[in-house]
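Visitor: Could you pick one part of this structure and go through it closely with me, then place it in its surroundings? I'd like the cut-offs spelled out as we go.

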Amino acid sequence: MSTIATFPARTASLRTLACTDHKRIASSACVIAFVFFIAGGILALVMRSQLAADGGVISQETYNEVFTMHGSTMVYLVIVPVALAVGLYFVPLQLGAAEVAGPRVALAGLWMYICGGLCMWSGFATAGGAASASWWGFDPLSESVHSPGSGMDLWIFGVMLATLGQILWALCILITALRGRAPGMTLMRMPVFTWTMVVTCLMTVFGFPALILALGLLAAQRHLGGVLVGGAGAVDYQALFWFYGHPVVYVMFFPFVGMVGEIFATFSSRRFFGYSAFVVALLAFAGLSMTVWGHHMFSMGTVSNKYFSLTSTALIVPAGIEYFDFMGTLWRGRLRFTTAFLFALGFLVQFLIGGLTGIILASPPLDYGLNMSYFVVAHFHYTIFAGSAFGLFGGIYYWFPKFTGAMLSERLGKLNFVLMVIGANMTFFPMFVLGAEGMPRRIARYPASSGWQALNVLETVGAFVIAASVLVFMLNVLVSLRHRRPAGDNPWDAHTLEWATSSPPPRHNFDALPPIRSYAPLLDLREALEEAG
Amino acid sequence: MRRRSAIVLLAWGLWLGVLTALQAVFAPKLIQFTMPALASAVCLISGLVLWIAELCTPVSERARLISDSSYATATLVVGLALALVGVGFGLWLILIGAGVSALGLGGVVREQRARGRTLHRSGQR
């Protein structure tokens, strides 16, 4: 194992902003992402209040800004950065590495993310307001004729910076996984979470540059003109955007699949079932997910609908293998119903709803009817919030002791879980019904005769229940850090290497490593000790 | 010790290539074909480069020296961000960004030189 000599830091406060330790970088990114999560969540509450009151809270133009910044914040500044930041923290630890590959590059990624976020949100301070052309910056709506203010420019440059930062993080994680593993840690001994991060980073590195190119062209069109010309230009922009825009959905999914896999294995006290099949399924899944983006353009008639319908439907196969492996891991396990485990179960069930409704949207004839309706909004939020966010909360409850050295309160955690299940389903399930009835997305008002208000009010109540659950989570963190219950190195009897070091880990990660003979080295060690009596 | 990690990039790039080639049956538009083909090609090339690197250079077991913090990196990125935003807001911001970037770049060079000196003193170079 390599050792590290460090230069002394100048001051503790400045150190956080410029530290090259992957754990500090990742922790800073998580805290910043949580601040953006609260800001994006407040925008969601404004939107829901508007729709419950049937258009009485804000103007149409402000509503456009609010939904654009809500979506942009949650995708570019919350879920994707958190997914990568958790990887940045734990992949080196799970591999027994002393450091992430390219620590300065990772730090540069953090600063790009910070600058990008500030840039996007500073649009609200401009005379014309923030960007209002949706999270995918519709062309020609985002061109200077239709969006003349500097808010749109700030959005474009902000998204470019944040995305570039994410690519840098992904490169660091990928190179660490490929080149920085400890002796004995072969590819097929890497933990499940690390494998999910490898495929996440592959998609980030090879898919995300398309977004930077698309936004570069959009910026050129706004300032120079003649770049994205007419209908063909708009279609080309969409093609470039969705080449990023679908893989990003899986970037917001795979890391949480990995977290759930680790949680299931730990809290059922079993090895992860079907490890090899899971790894192959992940790689196949990631490849397919780079070739399904055209299903976002079914109704435009400019892509090969049959091809994209085929690849989109084929996703069921690797997804089915992953679900089968989860069930196999739980089967006959000694289950411990901790908060982390409950959130993981919530992910398993609720993501299934998002996934199954995705099959409906993968069929062009059905998509023609449902495209741009609330059905799509419901599907997306079931995958990203009811799915991935549940996986993330599971991951937080699971790894918080390692992050901080303190345990979270299980009682408050379970209250957090119950409120979030109620809130998520109350908010997002009625959207399927509204979408099927024809309610379009991105509208600030709807006809009184439509009969949509009752369900909209229900959704709004659900959104406030989610907000209450997030408050309970914040309270839990504050209380647990104030009245610290020491976690110890491995409070859950988990199986992977990050639990072989202290909580929180030292700067160099490990003083010594146990022998690595499988993807669950600590379980191997425990079994060997039991056999030896 | 040698690693065989390139197989991940090679296998995935090949799989992406197969999926891209499958499009030929469905008469794709140029852009629809080009993007995944490019991604596949870059992935395969990266895999080949890594494979050659793995053949030529075994994993280093010697001590690594890294700085605990890098103010220069943060300064460099802030400068680049200002310059980028300057594209939309005027030359004055581009120039400020370029100046801050130059400051940051100088700092990165200084950090690298300090690292080199330390390695030289410890006899690892």
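Guide: Let's start with A:Ala39, which sits in helix α2 (residues 22-52) of chain A; helices here are DSSP runs of H or I with at least four residues, strands are runs of E with at least two, and both are numbered from the N terminus. The model is predicted, so local features need pLDDT of at least 70 and side-chain atom pairs count only at pLDDT 80 or more, while totals for chains, interfaces and linings use all residues. Residues count from 1 along each chain as its sequence is written, and chains are lettered from A and ligands numbered from 1 in the order in which they are written.

A:Ala39 counts as partly exposed because 17 other C-beta atoms lie within 10 Å. The scale runs like this: buried takes 20 or more other C-beta atoms within 10 Å of the residue's own, exposed takes 12 or fewer, partly exposed is in between, and the C-beta atoms are placed from the backbone. A:Trp399 is 360 residues away from A:Ala39 along the chain, and their C-alpha atoms are 24 Å apart.

Two more residues show the other classes. A:Ala340, in helix α14 (residues 339-361) of chain A, is buried because it has 29 C-beta neighbours inside 10 Å. Setting aside residues up to four places away in sequence, A:Ala340 touches A:Ile263, A:Phe267, A:Gly394, A:Tyr397 and A:Tyr398; a contact means C-beta atoms, placed from the backbone, within 7 Å. A:Pro365 belongs to helix α15 (residues 364-370) of chain A and is exposed, since 9 other C-beta atoms fall within 10 Å. From A:Pro365 to A:Arg507, 142 residues apart along the chain, the C-alpha separation is 55 Å.

Now for the part I'd zoom in on: the place where α4 of chain A meets α3 of chain B. Two packed helices are described by the angle between their axes and the distance between the axes. Helix α4 (residues 103-121) of chain A and helix α3 (residues 71-89) of chain B have axes that come within 9 Å and cross at roughly 40°; each axis is a line fitted to C-alpha atoms, for helices over the stretch in contact, and angles run from 0 to 180 degrees between N-to-C directions. That angle is why α4(A) is oblique to α3(B): under 35 degrees would be roughly parallel, over 145 roughly antiparallel, 65 to 115 roughly perpendicular, and the rest is oblique. The crossing of α4(A) and α3(B) is right-handed, that is, the near helix is turned clockwise from the far one by less than a right angle, with anticlockwise giving left-handed.

Which residues make the contact between α4(A) and α3(B)? From α4(A) come A:Arg104, A:Leu107, A:Ala108, A:Trp111, A:Met112, A:Cys115 and A:Cys119, and from α3(B) come B:Thr73, B:Ala74, B:Val77, B:Val78, B:Ala81 and B:Val85. By class that's 11 nonpolar, one polar and one charged, where Ala, Val, Leu, Ile, Met, Phe, Trp, Tyr, Cys and Pro are nonpolar, Asp, Glu, Lys and Arg are charged, and the others, Gly among them, are polar.

Apart from neighbours within four places in sequence, A:Met112 is in contact with A:Leu161, A:Ala162, A:Leu164, A:Gly165, A:Leu168, B:Val77 and B:Ala81. A:Met112 is also among the residues with the most contacts inside the largest nonpolar core, which has 208 residues; such a core is a set of buried Ala, Val, Leu, Ile, Met, Phe, Trp, Tyr and Cys residues joined through C-beta atoms within 7 Å. The largest share of this core, 21 residues, comes from helix α3 (residues 60-94) of chain A.

Zooming out, 54 residues of chain A are in contact with 42 residues of chain B. α4(A) gives the most to chain A's side, with eight residues, and that side has 34 nonpolar, 13 polar and seven charged residues.

Within chain B, α3(B) packs against helix α4 (residues 91-121) at about 160°, with the axes 7 Å apart, which means the two are roughly antiparallel. Their crossing is left-handed, and the contact divides into 18 nonpolar, eight polar and two charged residues.

Conventions: Two residues are in contact if their C-beta atoms, placed from the backbone, lie within 7 Å.
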